[in-house]
Amino acid sequence: MNISRQLRGLAYQVFYGLPLPVRRHVARAVSPKFLVGAVAVIRDSEAAEPGRVLLLRQPSSRGWGLPAGLLKRGELPAVGAARELFEESGVRIEPGDLRPGNPNAILHPNAANVDMVWFGWVPASSTPLVVDGGEVLEARWFPLDDLPPLTWPTARLLGIYGLGPRAGELPPSVTVSDTAPTRPASAP
């Protein structure tokens, strides 16, 4: 592990150790009025339906979540999703290989955060997972029909796309019956 990764991990631990109101204030002070993030829902291209999904365990959470993070100023959402996926799990996907969710943007209930959601497929058996131990403690593949305890935002987001324990609990603004992108024809 190099020094910059160790410092970044330490900075995340310090940041997540701050009280929630202080973290929000810091994030709002250095970010635009709306916090815009990118979320990557990565599925195992080798698994039979319902398939498996990549989840992360972070020190700040009481459950498992999806690879996600804030976009850098001027960063394209697919580029941000691919960057966050690689930084948090070691999984590399080209931004052009990610498919936008439908809907692509999810507004959080507090209306201060927007997540751009992207779907990708990789072969789990030949894709090593690498975590830094600071921002992310563990990355694992889970069957969609046997998920571990999820963070509330992850359960809600997956539910919007008809996946996980909250599948079918779509908010009134989502009217598309089949919202999660299907496996691309080129996937194994």
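**Exercise 1.** In this predicted model, compare the reach of helix α3 with the span expected for it at 1.5 Å a residue.

*Solution.* Begin with the limits of the helix: α3 covers residues 77-89, which gives it 13 residues. Finally, look just past the end of α3, where Gly 90 takes a positive phi of about 80 degrees.

**Exercise 2.** Determine how far α3 is enclosed by the rest of the structure, and which elements cover its buried residues.

*Solution.* A residue counts as buried when its relative accessible area is under 20%. By that cut-off, 10 of the 13 residues of α3 are buried, and the helix is therefore largely enclosed by the rest of the structure. Among these buried residues are Ala 78, Gly 80, Arg 83, Leu 85 and Glu 88. The cover over the buried residues of α3 includes the helix α1 (3-17), together with the strands β1 (35-44), β2 (52-57), β4 (68-70) and β6 (113-122).

**Exercise 3.** Locate Gln 58, decide whether it is buried or exposed, and find its contacts beyond its neighbours within four places in sequence.

*Solution.* Gln 58 sits in the loop that lies between β2 and β3 (64-65). Its relative accessible area is 18%, and since buried means under 20%, Gln 58 is buried. Once the neighbours within four places in sequence are left aside, Gln 58 is in contact with Glu 88, Glu 135, Val 136 and Leu 137.

Note on methods
Residues numbered from 1 in each chain as written. Predicted model: local features only at pLDDT ≥ 70, side-chain atom pairs only at ≥ 80, totals over all residues. Heavy atoms only, no water. Helix = DSSP H or I, 4+ residues; strand = E, 2+ residues; numbered from the N terminus. Expected span 1.5 Å × (residues − 1). Buried < 20%, exposed > 50% of the residue type's maximum accessible area, 1.4 Å probe, protein only. Contact = heavy atoms within 4.5 Å.
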